[in-house]
Amino acid sequence: MELLAQQMANGIVLGSIYGLLAICLVLIFGVLDIPQFALGAMAMLGGYVVFLLGPIVGYWVSLLAAMVAIGALGAVVQRLVFAPLRKAADVTVFVAAFGLVLIFQGLALVIFGPDPRQVPPSISGSLVIGGVHIAYHRLVIVGVVLAVFLALQWVLRSTRAGRVIRAVGQSTTGAQVVGIPTGRVAFAVMILGSALAGLAGGLLAPISQAMPLAGDSLTINAFIVIILAGMGSIGGALVAAYIVGLVESLGATYLSQDFSQLYSILLMLIVLLVKPSGLFGKKVSRV
Amino acid sequence: MTEALTLRDVDRRFGGLKAVDSVSMTVSEGEIFGIIGPNGAGKTTLFNLISGNVSTMSGAIELYGRRIERMPVHRRARLGLGRTFQTSQLFAGVTVHENLEIAEVSSRRGVGGWLGSPTARRTVEAERVDLEAWDLADKGERLAGELTLFEQQRLALAMTLAAGARVLLLDEPSGGLVESEVHQLMELIRGIRDRGVTVLVIDHKMRLMMQLCDRIMVMALGAVITTGDPTEIAADARVRELYFGRAPVRGVERNERTGGPDPADAHTWRAGPTS
């Protein structure tokens, strides 16, 4: 029973990180129509920012620095890569996004080497409840992701800026003709999504270490999450992320560690067979 | 009379096809200006050039004397150029109120105008857009995607005014509407003009155009054939040839050669029913 509770706690933590990255993907895909495969690699770079700056300025300031640095990287990527490809074929954008993954991984490999780097947590120690040990940093991860989710929900639903972002996501042409600078909105969303990826990487680094390939499984799982959830809902993405985290954690414990990635993929396939629009996806009629 | 919109020698080519060929025109403030022509005449491309959805290759476009042909779409919109499309470009997943609010908010300069709670709606929206006037009073909380075609059309018109349009481009506004709705639409467009908004309209329903427009420009193969008031247009031999061939035949449903717009007889364009 303790093992089950322990693995469920781990699954929620894992799901929180996947959820944060999935929310970034939903935001960016919703507004820019770009499957930003490089977000996982950008999160990995965020982990290295915390690794580098944490010992000097402390964890929290380094986490903020990771958000700023990766947000700035997102701005550069949007300006130099995706904006010029605005009218390019989908496959070109796909290849560009994959190219970015290779570039970022290569950079990390050249600068930091292949070995994992240990990153100290935000708070040391663990909370023990009924024999279940939960590191304080893991609680921080769950709390921060929930706070980010609630803040995003508020911005998107209750502010004018949020409605403008949703408008651009629904009809770029319609948004332009009522005076919305869609290019600037897209730029801002890419920066926001990238900064949140930096946050995800900075949060994850203390529990998984900083290493060049750390972003791969993040990206794969975040895409599984948004396919499982159905595109368009950040709330649905977060719930689906918890499900994926739990399935992965429990599957690795009770079935086999070797196939931990496979369980969530199988779940995704089953859901797609039963409900092709995803767990929370709705058929949206176009006007 | 103030010139609201002026085009001088505007050109647009797609590969070897001259979609818009050296078009010049002037529309006065408060005018309802129609553009007609067979399919492929370049009417919608001309609208796209004016609104900025397609860029010009040469020529000048002026909105109230200001050159706009190099401006992006959103800047033209902020200068008062509104537009509706043949295929609705409403924000289907949000409510009627939210659609209007997005249009109203976006007309403000800078991100500063976008911050703040939407519940604190400025009175501007209430002044500019009275939902009752658009017969949408009980639809405020409905999703735009759930509205009927005519309701969507009315919402699209209301949104252009909420966004502060002074010159409005209407592309096939009567498309898919039934007879009674076309009559209502005509009254709505006249009402918009009465607010001081200049209206340019493309439509294939010829009687609607003849009854609604102050002047009409006829296009074919990207070029302007003639411009005049509806009576002149109905009597113009080149226009009659364009739509009916050399000898007008009563009762012909559609001109097969030109893909002409309407089964209407030129003699009844102005006085007859709208479809």
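This is a predicted model: local features need pLDDT of at least 70, side-chain atom pairs count only at pLDDT 80 or more; totals for chains, interfaces and linings use all residues.
Residues are numbered from 1 along each chain as its sequence is written, and chains are lettered from A and ligands numbered from 1 in the order in which they are written.

**Entry 1: I32(B)**

I began with I32(B) and, leaving aside its neighbours within four places in sequence, found it in contact with I189(B), R193(B), V199(B), V201(B), L212(B), C213(B) and D214(B). I32(B) sits in strand 3 (residues 32-36) of chain B, where helices (H or I, at least four residues) and strands (E, at least two) are DSSP runs, numbered from the N terminus. Is I32(B) buried or exposed? I32(B) is buried, with 23 other C-beta atoms within 10 Å; the cut-off for buried is 20 or more other C-beta atoms within 10 Å of a residue's own, for exposed 12 or fewer, with partly exposed in between, and C-beta atoms are placed from the backbone. I also looked up V105(B), which lies 73 residues from I32(B) along the chain, and the C-alpha atoms of the two are separated by 27 Å.

**Entry 2: the sheet of chain B**

I traced an open sheet of six strands in chain B, in the order 6-7-8-3-9-10 and with mixed pairing, two strands being paired if DSSP finds at least two bridges between them. Strand 6 (81-84) and strand 10 (223-228) of chain B each have a single partner strand and stand at the edges, so one side of each is left without a neighbour in the sheet. From one strand to the next, the twist averages 20 degrees. Strand 3 of chain B runs parallel to strand 9 (residues 215-220) of chain B, and four bridges join them; F33(B) has R215(B) in strand 9 of chain B as its bridge partner.

I then noted that helix 9 (residues 237-244) of chain B lies across strand 9 and strand 10 of chain B, running at about 125 degrees to strand 10 of chain B. For such values, axes are lines fitted to C-alpha atoms, for helices over the stretch in contact, and angles run from 0 to 180 degrees between N-to-C directions.

**Entry 3: where the chains touch**

I found 31 residues of chain B in contact with 23 residues of chain A. Which helix of chain B supplies the largest share of the side that touches chain A? Helix 3 of chain B does, with six residues. Nine of the eleven residues of helix 3 of chain B are buried, so this helix is largely enclosed by the rest of the structure; among the buried ones I listed V96(B), N99(B) and V105(B).

**Entry 4: helix pairs in chain A**

I looked at helix 1 (residues 2-32) and helix 5 (residues 136-158) of chain A, which pack at an angle of about 35 degrees with their axes 9 Å apart. Their contact includes I12(A) and L20(A) of helix 1 of chain A, and V145(A) and F149(A) of helix 5 of chain A.

Helix 6 (residues 160-170) and helix 8 (residues 182-208) of chain A pack at about 110 degrees, with their axes 10 Å apart. In that pair, V164(A), I165(A) and V168(A) of helix 6 of chain A meet T182(A), V185(A) and V189(A) of helix 8 of chain A.

Technical notes: Two residues are in contact if their C-beta atoms, placed from the backbone, lie within 7 Å.
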